[in-house]
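Let's take a walk through this protein together, going from the whole chain down to single residues. Please keep the viewer open as you read.

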Amino acid sequence: MTISVKRFPAKPVADYAAIRHEIRSGDVLMCSGNAWFSRLIQRASDSIWSHVAFVMRLDEVDRVMVLESVEPAGVRAIPLSRYLRDYDGKGNAYNGGVIIARHQQFAGKVDAQRLKTFGQFAVDQFAYPYDKNEIAKIAARISAKKLRFSARERRELQRDKEYICSEYVWECYNAINIRIRHNRAGFVTPADFAAASEMQLLHVLQACPPARGG
């Protein structure tokens, strides 16, 4: 099932405990958040999607981990169950909708060695900061294209080692030669993952509630 950029999936919410065994390393977690920063990303990308991350299974310790870049923590790993049960450390689930998707080429392209490379690259980015100014940079990149800035000025707007969520996931996928096509202006948003034809919806883990303050 393909993923809409504009609408949250109408598929019923899955029981996480029942489908947990189906989730694989490399699967993508996508969120449609209601917090103010989530809404900012949604407006900037003209979509409902505000966050993207990916999963690594650690079967030796019976954990399904989400690797992500979040404000203000930067690049980190947390159990997927935290999204659904205690995202804020106060017993509240993530403020928005949550789905799991799968890139249809991942299993065919990623053998054990490439999965190791994927995981190593992802972990090597831990503690790099979240780029708090990236939304402003995205606006600047759009302007750079419209205003025909020089090549030198465009180079100054290229991605660095401060990640927003989608750039982190894009770089990790890119490390194993899986490309997610993105905006020609030179930046990556969560909507680009939803728009990728290879990305297929697996499960809705949490419905998208009406927006509320925060």
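What percentage of the 214 residues of the protein count as buried? The answer is 48%. Keep in mind that this is a predicted model. The protein has 9 helices and 6 strands. Among its contacts with a separation of 6 or more, 73% are between residues 24 or more positions apart.

Now follow some of the pairings. Strand 1 (residues 28-33) runs antiparallel to strand 2 (residues 51-58), and 4 bridges join the two. If you want a landmark here, look for V28, which stands opposite F54 in strand 2. Strand 2 in turn pairs with strand 3 over 5 bridges, again in the antiparallel sense, and V55 stands opposite V66 in strand 3. These two strands make a hairpin with 4 residues between them, where D62 takes a positive phi near 55°. Moving on, strand 3 and strand 4 pair in the antiparallel sense over 6 bridges, with L67 opposite A77 in strand 4. They too form a hairpin, with 3 residues between them.

Is strand 3 largely enclosed or largely open? Of its 8 residues, 7 are buried, so strand 3 is largely enclosed by the rest of the structure. Leaving out residues up to four places away in sequence, E68 touches H51, A53, G74, V75, R76, I78, Y83 and Y168.

Y168, one of the contacts of E68, takes us to helix 8, where Y168 is among the buried residues. Why is helix 8 described as largely enclosed by the rest of the structure? The reason is that 9 of its 10 residues are buried. They are C165, S166, E167, Y168, V169, W170, E171, C172 and Y173.

Let's stay with S166, which lies in helix 8. S166 counts as buried because its relative accessibility is 0%. Its contacts, leaving aside neighbours within four places in sequence, are V52, V188, T189, P190 and F193.

Next, a look at backbone torsions. Most residues other than glycine have a negative phi. D46 has a positive phi of about 55° although it is not a glycine, and its place is in the loop between helix 2 and strand 2. With 52% relative accessibility, D46 counts as exposed. N177 is not a glycine either, yet it has a positive phi of about 65°. You will find N177 in the loop between helix 8 and helix 9 (190-195). Its relative accessible area is 40%, so N177 is partly exposed.

Finally, turn to the empty space. Rolling a probe the size of a water molecule over the atoms shows where such space is left. What is the volume of the largest pocket? It is about 560 Å³. The pocket is lined by 22 residues, and those closest to its centre are A35, S38, E71, Y87 and Y94. Helix 2 (residues 36-45) provides the largest share of the lining, with 4 residues. By type, the lining residues divide into 11 nonpolar, 7 polar and 4 charged.

Conventions. Residues are numbered from 1 along each chain as its sequence is written. This is a predicted model: local features need pLDDT of at least 70, side-chain atom pairs count only at pLDDT 80 or more; totals for chains, interfaces and linings use all residues. Side-chain values use heavy atoms; hydrogens and water are left out. On a 1 Å grid over the protein atoms alone, a cavity is a set of points where a 1.4 Å probe fits but cannot get out, and a pocket is an open set with protein on both sides within 12 Å along at least five of seven lines; lining residues have an atom within 4 Å of a point. Grid points are joined across faces, edges and corners, and a volume is the space filled by probe spheres set on the points. Ala, Val, Leu, Ile, Met, Phe, Trp, Tyr, Cys and Pro count as nonpolar, Asp, Glu, Lys and Arg as charged, and the others, Gly among them, as polar. Two strands pair if DSSP finds at least two bridges between them. Buried means under 20% relative accessible area, exposed over 50%, partly exposed in between (1.4 Å probe, protein chains only). Contact means heavy atoms within 4.5 Å.
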